[in-house]
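This report goes through a few local features of one protein chain. Please look at the sequence and the structure below before reading on.

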Amino acid sequence: MMTEEELTEKRILLERANAEREAIFKRYDRGRKNIDIDAWDDPAFEIYTQADRYGFLHPEKEQLYRDDIEAARRKQIEIERTKKWLKMRNNWTSAETKERLQRRVMKGIPDRLRAAIWKLLLNLDQTLAENVGVYDKMLKFARQYSPDIRQIDFDVNRQFRNHINYRERYSVKQQSLFRVLAAYSMYNMEVGYCQGMSTVAGVLLMYFDEEDTFWALNALLSNERYAMHGLYVEGFPKLMRFLQHHDKILTKCMPKVKKHLDKHGVDSVLYSLKWFFVIFIERIPFSLCLRVWDIYMLYGERVLTAMAYTILKVHKVKLLRMKDMDQITEFLQTILYKNFGYDDDTVIKALQLAMFELKKLNLDKLPPAPVNEFPKVPFGQFIEPSLEAKIGHRNEKFTERETELKETVLYRSESKNGADDEGDENGRGDHVPRNGHHRDENGDEDDRTERDCDDITEEDDAYSNLNTEYDDGSITKHSLTGTSVTSTNDVSITSYERTCDIFQLQQNGGSTAAILNSAELDDDNVSIISLQTLDGVCDLQGSGEQSLAVVSKADATANIDEDDDDDDITEKQLSN
């Protein structure tokens, strides 16, 4: 029972939270007419000189003549494919479309038709017809009640900062992204808002309008083919399953790589959060990422496990040559995003091969989902937030574990600044990105709250030197708000407790070589297979008999616009 004084204090805090939420909404209502846009919020264009076809801005670089020739060739192929896709779209339910859809999705949906095809794959027209007025209703509820508005506002402004449509503060796209996330925080109140959703919604908004994006986001969370609700709901149970299953695949199929990663302390949580949490955005080149999204829209979650395996498979030789944690994590988190090393068609062929291989080993699908991954209440059912949620209660002080971690990270950062790249006594690198977020010049502690520090991102190697205990597997709702999936690094120092739980779960979850006592695949052997026998993955035309083909690297992208071509690929191609 609260005293009169406590009630008065709560009332004041509630009024302040309501005023803050309304002020944020009004800023988005005004858009670019806001007169107090900070220079940092609205960076100048002078540092960029050109935009790619997807709207991302890049510094000017000298283009090689052969690249121009290749771009022209790819453009012509896409024009030819567009004609075929238009015919399929206009006859979407025909037997011919069903027969050819899988193979053509593997070859890539033409970008100008991507919105239309994604809309069909997600069945958005039917959803919109069945839910007229729901989006506007949820947006009104969000303006009155949503406890997530401050965090949404914060994440919207740091999403795709190098994209021409998102970089201006309160631009049209930022306004739309804010409204979509705010409305969805009330439509799916179990999830509310979790960082990472802004990345997924941001990509969808590149192709859909506001309301379509809202329902596309809902399809990804609620449709059992994708079931991303389990990724974002409190405890992140599906993320746990992805990490455990990924480790199981590596132990079975790539034991040398798994042993090498373990030797250097590179747990899968260090590099794969964005792979599963935001479907590879900002971990592989955007053009390749869209190809993966195309396949994901058709096949669902098993594409994510296969693509994670593919990335390590095609770069196995490079990874085995790397000698410390810093080098490996930088390669997987940063370098591959800038230059994957293989053209998109070659990687997708490797993905097909991986899907076949994992299906053959019965590893293509995750283990059955626990009940806590599924929604407990119907979507769209309004539940008034608690008083604490409305106020936006935050811890005023760091916990002992967070303080210990912060001191460790600061010590490592100072040591790094004053010394060369030397590993610690365990042979692990001590790299800590010097982004300087929310840290004073002397590295001293301050009085910031936990939420204020959610933006700080540091490397995870600090976790490995702290003793933690996994209690009951519980992780609080916004624990991955600290993982900064919209930034370069995967885990933040304020998500220490929750990430250590993930770490400990990985260690105790049976993800060692003891899990699998059966014969291991020899990942050094060259496989020559036909994807013609892959059920539900390739669906090629022909007699149905298994055919063998060796595809050289030079032939990897030849004749890709033909309807009757093979999509076979061998590991020999990837080892060149």
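## Arginine 291

Leaving out neighbours within four places in sequence, arginine 291 is in contact with Met106, Lys107, Gly108, Asp344, Asp345 and Ile348. The model is a predicted one. Arginine 291 belongs to helix H16, which covers residues 286–299.

The C-alpha atom of arginine 291 is separated by 5.7 Å from that of glycine 108, although the two residues are 183 residues apart along the chain. Is arginine 291 buried or exposed? The relative accessible area of arginine 291 is 8%, so this residue counts as buried, the cut-off being under 20%.

## Helix H12

Helix H12 takes in residues 237–253, a run of 17 residues.

## Helices H8 and H10

Helix H8 (residues 172–187) and helix H10 (residues 210–222) have axes that come within 10 Å and cross at roughly 45°. The two helices are therefore oblique to each other. The crossing of H8 with H10 is right-handed.

Which residues meet where these helices touch? From H8 they are Ser176, Arg179, Val180, Leu181, Ala183, Tyr184 and Tyr187, and from H10 they are Glu210, Thr213, Phe214, Trp215, Leu217, Asn218 and Leu221. Sorted by class, the contact of H8 with H10 has nine nonpolar, three polar and two charged residues.

## Two residues with positive phi

Most residues other than glycine have a negative phi. Phenylalanine 160 has a positive value, with phi near 50°. Phenylalanine 160 is found in the loop between helix H7 (149–156) and H8. With a relative accessible area of 2%, phenylalanine 160 is buried.

Glutamate 282 also has a positive phi, near 60°. Where does glutamate 282 lie? Glutamate 282 is in the loop between helix H15 (273–277) and H16. The relative accessible area of glutamate 282 is 16%, so glutamate 282 is buried as well.

Key
Residues are numbered from 1 along each chain as its sequence is written. This is a predicted model: local features need pLDDT of at least 70, side-chain atom pairs count only at pLDDT 80 or more; totals for chains, interfaces and linings use all residues. Side-chain values use heavy atoms; hydrogens and water are left out. Helices (H or I, at least four residues) and strands (E, at least two) are DSSP runs, numbered from the N terminus. The expected span of a helix is 1.5 Å times one less than its number of residues. Axes are lines fitted to C-alpha atoms, for helices over the stretch in contact, and angles run from 0 to 180 degrees between N-to-C directions. Angles under 35 degrees count as roughly parallel, over 145 as roughly antiparallel, 65 to 115 as roughly perpendicular and the rest as oblique. A crossing is left-handed if the near helix is turned anticlockwise from the far one by less than a right angle, and right-handed if clockwise. Contact means heavy atoms within 4.5 Å. Ala, Val, Leu, Ile, Met, Phe, Trp, Tyr, Cys and Pro count as nonpolar, Asp, Glu, Lys and Arg as charged, and the others, Gly among them, as polar. Buried means under 20% relative accessible area, exposed over 50%, partly exposed in between (1.4 Å probe, protein chains only).
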